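The sequence and structure are shown first.

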Amino acid sequence: MITLGITRLLTEHQEWIEGKSVGLLTNHTGVDENLIHTIELLAGFNLVALFSPEHGLWGAAQDGVKITDTQYRQPVLLDSEGGQDETDNLCNRPTLQIYSLYGSTPLEWTEILKNIDVIIYDIQDVGVRYYTYLGTLFETMKTLENVIETGKCVECIVADRPNPIGGIHIEGPMLEPSYASLVGPYPIPVRYGLTIGEIAKLFHAEQGFTFPLKIAQMSGWNRDMWFDETGLLWVPPSPNMPTLETATLYPGTCLFEGSNLSEGRGTTKPFEHIGAPWIDNQKWLTRLNAKQFPGILFRPIVFTPQFSKYEGEVCNGVAIHITDKKQVSPIELTVWMLSTLSDEFPNDFKLWEAHFDRLAGSDALRNALLAGNPFEEVEEWSAEIKASNIIWRERREPHLLY
């Protein structure tokens, strides 16, 4: 079993936060190896504020829902024998302000950071460019750099966690800077093969940031290790990321968000069930099975989303089953699925230009898919992507910690 960065921070590097006012950027995934939340672990330190990403502090909000700031009552401090202090009651416990970084009102950062010396980032990511926790990290780092102009220097500590889909595989197009957004914050591939600590190092170096950055490294994690090999328990990072299988397919099937197909939101298998009311699923299944994707089997399904696209409507489509996750190339898989849709259902299949391009990182994939011969165009696009990812491997090399 690996040791998480937060555990090593609080056992081997306490001097990094002792005597300092601490802000904590976290959510429900900020737990140690025994599922004790980082907020509780910091009860003996001067924790003064909480910051939360998309989905809120407890991961209860669906995607895209703006979160309102609230307050959080700090946990009970235990006595030396592990019992509750008899003088404690709910009313006299101090409260912490929770600042939503996914709210509708911009934060007054200069005022908020006035009494904070260090911000700890402790969130489980999924290793994919269009997962907004990555964008939240980058935006926070830019903020810490900007407030230096006001005379305030705030340190950042990233408590490192595993990349759940491993640190070896790299896949997908590089984002073009003009398409940057919270779901694509930086020119990196979709599946970038770094831990959150490693990519924080890369951001800091490539952007020339000057605020102090420290990485509380894990121990026992190897680059070829997937989450189910770590000995850790899976805490769903967001409402529609229930399993490691979901995370395995997500780098590819999230692209269906930018189409008029359901990506399975509103079902028990988001990003694993794909379909729409207008699909002939047997026809589509025949095309998909002919490709014989490594590590994948398809099954025809009929499903009714309970929310999101096609809420309450019967959809025909396919279920994607993983037989060997280490052989799966989710982006290649999804691009082929999109190509067959463009070929088989040209009058019904639609891509939503703005959102699809934000996810893909440019308009190149959309143009290839909608070309007269999408398969030939996609093959050319894929060859260019593989060449660019060789350059990415060289670019990330100085920032590897494991």
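The model is predicted. Its largest pocket has a volume of about 490 Å³, and H11 gives the most to the lining of that pocket, with 11 residues. The largest nonpolar core has 118 residues.

**Largest pocket**
- The lining of the largest pocket comprises 26 residues, and Glu 171, Ser 329, Glu 332, Ser 382 and Lys 386 lie nearest the centre.
- At least two lining residues come from each of helix H8 (330-344) and helix H11 (374-396).
- Sorted by class, the lining of the largest pocket holds 12 nonpolar, eight charged and six polar residues.

**Second largest pocket**
- The lining of the second largest pocket divides into 11 nonpolar, six polar and five charged residues.

**Cavity**
- Rolling a probe the size of a water molecule over the atoms shows where empty space is left.
- One cavity of 30 Å³ or more is counted, and the largest cavity contains about 120 Å³ of space.
- Val 31, Arg 161, Phe 227, Leu 233 and Val 235 lie nearest the centre of the largest cavity, which is lined by 13 residues.
- Eight of the residues lining the largest cavity are nonpolar, three are charged and two are polar.

**Helix H11**
- H11 has 23 residues and, at 1.5 Å a residue, should span 33 Å; the 32 Å between its end C-alpha atoms agrees with this.
- The buried residues in H11 are Pro 374, Phe 375, Val 378, Trp 381, Ile 385, Asn 389, Trp 392 and Arg 396.
- An α-helix has 3.6 residues a turn, so residues three or four places apart point the same way.
- The cover over the buried residues of H11 includes helix H5 (196-207), helix H7 (281-291), H8 and helix H10 (364-369).

**Nonpolar core**
- Within the largest nonpolar core, Trp 284, Phe 298 and Met 337 have the most contacts.
- H8 gives the most to this core, with seven residues.
- When neighbours within four places in sequence are left aside, Met 337 is in contact with Phe 256, Ile 274, Trp 284, Leu 288, Phe 298, Val 318 and Ile 320.
- In soluble globular proteins, nonpolar side chains tend to be buried together.

Notes
Residues numbered from 1 in each chain as written. Predicted model: local features only at pLDDT ≥ 70, side-chain atom pairs only at ≥ 80, totals over all residues. Heavy atoms only, no water. 1 Å grid on protein atoms, 1.4 Å probe; cavity = no way out; pocket = protein on both sides within 12 Å on 5 of 7 lines; lining within 4 Å. Points joined across faces, edges and corners; volume = space filled by probe spheres on them. Helix = DSSP H or I, 4+ residues; strand = E, 2+ residues; numbered from the N terminus. Nonpolar A, V, L, I, M, F, W, Y, C, P; charged D, E, K, R; others polar. Expected span 1.5 Å × (residues − 1). Buried < 20%, exposed > 50% of the residue type's maximum accessible area, 1.4 Å probe, protein only. Contact = heavy atoms within 4.5 Å. Core = buried A, V, L, I, M, F, W, Y, C linked by side-chain atoms within 4.5 Å.
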